[in-house]
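Work through the exercises below with the structure open beside you. Try each task before reading its solution.

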Amino acid sequence: MDYLGDLQAFLPGIITAVAGLAVITIEALKSGHKSAYWVTSFSLIVALFFGIQSLGTPLQEAFSGMLVHGGIAAFGNVIILLGTLFCVFLSNDYLEGIDHNYNEVYGMILFATSGMICLAGANDLISLFLGLETMSICLYVMAGLIKNEKQGAEGALKYFLLGAFSTGFLLYGAALLYGATGTTSIPGIGAAASSDLLFLAGAALLLIGFLFKVSAVPFHMWTPDVYQATPTTLTAYMATASKAATFMAMILVLSRALPSVEGLDWQAVLSVVAIITMIFGNIIALVQDNIKRMLAYSSIAHAGYALVGLSAATPEGYSAVAFYLFAYTIMNVGAFGVVAYYERNKGLDFSDVNNLAGLGFKKPMMGVMMSLFLFSLAGIPPFVGFVGKYYVFAAAINANMVPLAIVGVLASAASVYYYLRVMVYLYFREAHKETEMIDASFLYKGALVILALLTVYYGIEPILPFGGLMELITGF
Amino acid sequence: MNPAILEIGPLAIPVWAIVLGVGMISYLNSAAILVYAERRIAAFIQNRVGPNRVGPFGLLQPLADVLKLLLKEDVTPTHGYKKLHAIAPMIPVITALLSVAVIPFGAGLYVTDINAAVLYLLAVASLGVYGVTLAGWASNSKYSLLGGLRAAAQMISYELPMGMAVASVILMTGSLSLVDIAESQSMWWNFFVNPLGAVIFIICAFAESNRTPFDLVEAEQELVGGFHTEYSSMKFGMFFLAEYMHVFIGSILITTFFFGSYHLPFADLYIPADMNIWLKGILDVSVFTLKVCFWCFVFIWVRWTIPRFKYNQVMKLGWARLLPLSIINFMVIATIMYFTN
Amino acid sequence: MLDSYFPILILAGIAIVLALLLMTLSRILGPYRPNKHKLNPYESGMDPVGEARERYSISFYLVAMEFIVFDLEVVFIYPWAVRYLDLGLGTFISMMVFITILLIGLLYTLKKGTLDWDLKTNKI
Amino acid sequence: MLEIDWFLGISAIMFSIGIIGVLIRRNAVVIFMCVELMLNAVNLTLVSFSSFHGNIDGQIFVFFALAVAAAEAVVGLAIIIAIFRNNLTVDVTEINLLRW
Amino acid sequence: MIVYLFILLAVLAIGSALAMVINKNVVNSALFLVINMVSLAGIYLLLNAQFLAVIQILVYAGAIMVLFLFVIMLLNVEDEEKLFDKFRVKYFLAFILGAAVVGQIFYSIAGVTDMLPEISSNMAEIGTVEEAGDVLYTKYLLPFEMTAILLTAAVVGALMVAQYKIKKG
């Protein structure tokens, strides 16, 4: 075995895992020591550096076929690490503000990231399963972080029970696929694919497991409660990095393990799920007063848009999904970051949209930032959200799935209402009570500004003359 | 299953059946003998006489004990779960008996040789935890429940260093079969090459049997009788039986893993390979029995000389000392073995 | 292969029968004259106070949790211990890494008061 | 002799019993035990396929599934303890969970 | 002989699974699950997976279920008074779903039984410790190390969730 090559292939994952262990050791020896946070940020930056460096290398196998690296998997790593890095920046201040700044949280984030990297590059059902579970278990813990209040533990229990339930389905699916083909390797399954019922049942159960993890509609019921119960910046982490990792794994599985065999029409299934998800997510989001629940339903809807790209099942569609995940990660982390800032202020419950009234002018920078991210989430040009949606719908149309694209565009248009509603409250309503607003720290603001810049930059990048990100992705 | 067949005249009896029968009888009798031995030795240590009324030298005392237990009233406390209360004492006896299957008593004298015998022993031992936990739960008494939980926590805590100590033996044998482990000690006993592992294993065997200095479960001053406070009659007798069977098994395992099983020290040097099979069998079994008797004696000796620990001391010893120590011992031996081969 | 497990089956059968036998013997031979005070749970001669099934320190849970982890470690170590001499340096190092990671977890839990039965944070 | 569909049949029935248990029981601990039952059923499927295909991958998969089940048990029961501390119950209908 | 053994174990497994689901008492449920796991270990033996059979007992019955029992006893979880007190849509849906899964899987299995091979003849060697050791640390190195991370994360996380944190400052 080529151990050095394997280490290099999984380098970002190894760096995060080792950093996680270091954080745990620091916490064990010196409880509450600040260095844990710096170790976390530094390791994530280093891992991101290596991740970016491996962009553009061809897709290769490592760890005797357990893992792929390079290609689209490398891009997945970059998205995950980017999302994680910004979440960590935002978390430090936010958790300090709500008195929950435990070092273990960083350890959990790092372990989860390591699991995500394993998941996003999984080339075997076993490594896929372990990566997914490492990620999920850390997320269950994060959901239960605020445990001295009822809500936190409830959210965690709900997330956990349903998550474990869906794990059963995913595992059963994997078992049946193994039974039908005699191998657990994803390309091996693709090569031995047949249209017998065992294979189809396995594929169906595996998809159910995946759809649960990305909170597509029939399997979404945990999302709003969990997102509401979790500390906001960690919600951002849950909503972006974990979804990105799961979608990346889905891309790898769908494109390589489930080729178009007769009788297995997962494209149709996925497009139906995508339609329901988009419609349902957007409609429920319209009536939400709690801004975190609103963002939760919006993230369900966004999973629907990404599923549109997946159901196109073309290389173009897969690259569109990858780009969409990138776009979604930066704008959603940003949006949650601003919400977290508002929420930290005591006096009023700022997760209620009514209480945001008039805050836009009071803290102009945060107001602008919030509007920018929400515009982007709504898919209004010239922000990155628009570009992402454009690619996804274009891929659907090119794959002769015009109705799907139309539903997507309509749903997206409907979503403008609830995003704008927040802005209306921010700018066009009178504040009913004067409250003191704290100042965000320099790092917090800096992270949000960088996210905003990225949102704008990648929104206009496709029309810039030099090579864009999308060309890079399609090159894989 | 041991393939060997013993032919006595017209009869052809498979060896495994004989070993099984003899092994089981000696397991069951061991308890009776140990009860008597314990009383006599305790009396000797404490400068008393001990039981000497029933039969010559009080030898029939265990029989009288059993008879007494059988004739006592069987009481289940109110609000206790009757069925669980009855099932609980059976579990430790059954699990104790199950371990007889994989132990070699002499060259070729074993019931069966399975591939994962060591893990089988650990698995069977880990099932024994249910007996004490359920006994505590079903009794509906504060002392019982706390005693049961304590006993269970203590048993699982000491299973780990035990497992790691055995792992360091497996490093040298390269097999999980007890027959192979016994056979590999014909020259060097494992105690000579791995003394730290042996010491850890012995301490864990003491703790697993829940006897002084580790008898926190029934620390009389705190918990009355521990998990069997509410037990009487033969139900209590079965816990009693299981305790002595655990002492016996502990001695057997110490002997098998670390003290050469049925081999004399450096047996290869002076035991001829072509020894008469009957002679060899008798030699093996008597060597084995002697070693086991010695370790049983040590168990009793320790019980009557060393005072009891505190509960948190016991747990700390298990988790913070023995477990890391056994793991480091394992790693060191693995490293030495790896780089000398 | 199944043959070698056959004696264990027999043994289990005998053990269960034996245990049941002892149980029934005492049922038959012993007297049975229950009364209210005899059936009360023991509490040093007093009438029992409160519920027996109280709630205790979660240290019991924490110990069992660490036990699971190291039980799995043992399970993963045994096949390695059987084969490691034939498998090369990479395998050797990877097992050492595995053990070290779990030891860090153990260090953490011990430092956080797993074994401290009276710790305030360990109350339910 | 034994045929594979017998084993798969048992496994499927156990899996369904697990599903039904998750859906009808109200005690969070029991619901979790039903999930463990489901995982067990899957393990049986994996082992029987492994046995019939004659390769060990399925058994190794069970190994890791065991480890995952252990980790899930550890975290899940910790969450149940936390929720019990807040609500003094583990009845999911009283915690307003699982609104289907 | 083997067939009778199989039937015995299968009945035991399914019966204990059912009993676990319909028993009101939580401790009894847990014990039925233990019985289920032990009988599954027996079925593994019939499939020649001897190493896994022992592991199943050691890890599931000997460790995981002990943890369950501990938690049940520590929390003193009460019985569910009414399990089937009145007809609920939920129960109906649950049975429909369960039956659907069974039916679907039976259907898929029935469709392929002819294509699947007989029990492999080299299986007796495959289920041993040595075979597992050969692949576990070479081919499956990455999942193996991930397991360590997973377990450590689980321990740290569980400790964090289970302990009552006293607020800082």
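**Exercise 1: Chain A as a whole**

Of the 476 residues in chain A, 66% are buried; a residue counts as buried with 20 or more other C-beta atoms within 10 Å of its own, as exposed with 12 or fewer, and as partly exposed in between, with C-beta atoms placed from the backbone. This is a predicted model, in which local features need pLDDT of at least 70 and side-chain atom pairs count only at pLDDT 80 or more, while totals for chains, interfaces and linings use all residues. Residues are numbered from 1 along each chain as its sequence is written, and chains are lettered from A and ligands numbered from 1 in the order in which they are written.

Task: Describe how chain A is built, and state why chain A is called as compact as a globular protein of its length.

Solution. 
Step 1. List the secondary structure: chain A has 20 helices and two strands. Helices (H or I, at least four residues) and strands (E, at least two) are DSSP runs, numbered from the N terminus.
Step 2. Compare the radius of gyration, taken over C-alpha atoms, with the globule rule, 2.2 Å times the number of residues to the power 0.38.
Step 3. Look at the contacts, where two residues are in contact if their C-beta atoms, placed from the backbone, lie within 7 Å. Among the contacts in chain A with a separation of 6 or more, 77% are between residues 24 or more positions apart.

**Exercise 2: Backbone details in loops**

Task: Find where A:Pro382 lies, and where B:Asn47 and B:Phe266 lie.

Solution. 
Step 1. A:Pro382 is in the loop between helix H16 (364–378) and helix H17 (384–398) of chain A. The peptide bond leading from A:Pro381 to A:Pro382 is cis, with omega near 10°.
Step 2. B:Asn47 sits in the loop between helix H1 (15–45) and helix H2 (61–70) of chain B. Although B:Asn47 is not a glycine, its phi is positive, about 60°. B:Asn47 has 6 other C-beta atoms within 10 Å, so it is exposed.
Step 3. B:Phe266 belongs to the loop between helix H12 (233–258) and helix H13 (267–270) of chain B. B:Phe266 is not a glycine either, yet has a positive phi of about 50°. There are 14 C-beta neighbours inside 10 Å, so B:Phe266 counts as partly exposed.

**Exercise 3: Chain C**

Task: Which domains does the assignment give for chain C, and is C:Leu29 exposed, partly exposed or buried?

Solution. 
Step 1. An automatic or database domain assignment supplies the bounds. In chain C these are domain 1 (2–32) and domain 2 (58–121). Their C-alpha centres are 37 Å apart.
Step 2. C:Leu29 is in helix H1 (residues 6–29) of chain C. With 15 C-beta neighbours inside 10 Å, C:Leu29 is partly exposed.
Step 3. C:Ile10 is 19 residues away from C:Leu29 along the chain, and their C-alpha atoms are 28 Å apart.
Step 4. Apart from neighbours within four places in sequence, C:Leu29 is in contact with B:Leu70 and B:Leu71.

**Exercise 4: Contacts between chains**

Task: Which chains share the most contacts, and what residues make up the side of chain E that touches chain D?

Solution. 
Step 1. Eight pairs of chains are in contact, and chains D and E share the most contacts.
Step 2. On this interface, 71 residues of chain E are in contact with 60 residues of chain D. H4(E) gives the most to the side of chain E, with eleven residues.
Step 3. The side of chain E that touches chain D holds 58 nonpolar, ten polar and three charged residues. Ala, Val, Leu, Ile, Met, Phe, Trp, Tyr, Cys and Pro count as nonpolar, Asp, Glu, Lys and Arg as charged, and the others, Gly among them, as polar.
Step 4. Turn to chains C and D: seven residues of chain D are in contact with six of chain C. The chain D side has six nonpolar residues, no polar and one charged.
Step 5. Chains A and B do not touch, and their nearest C-alpha atoms are 14 Å apart.
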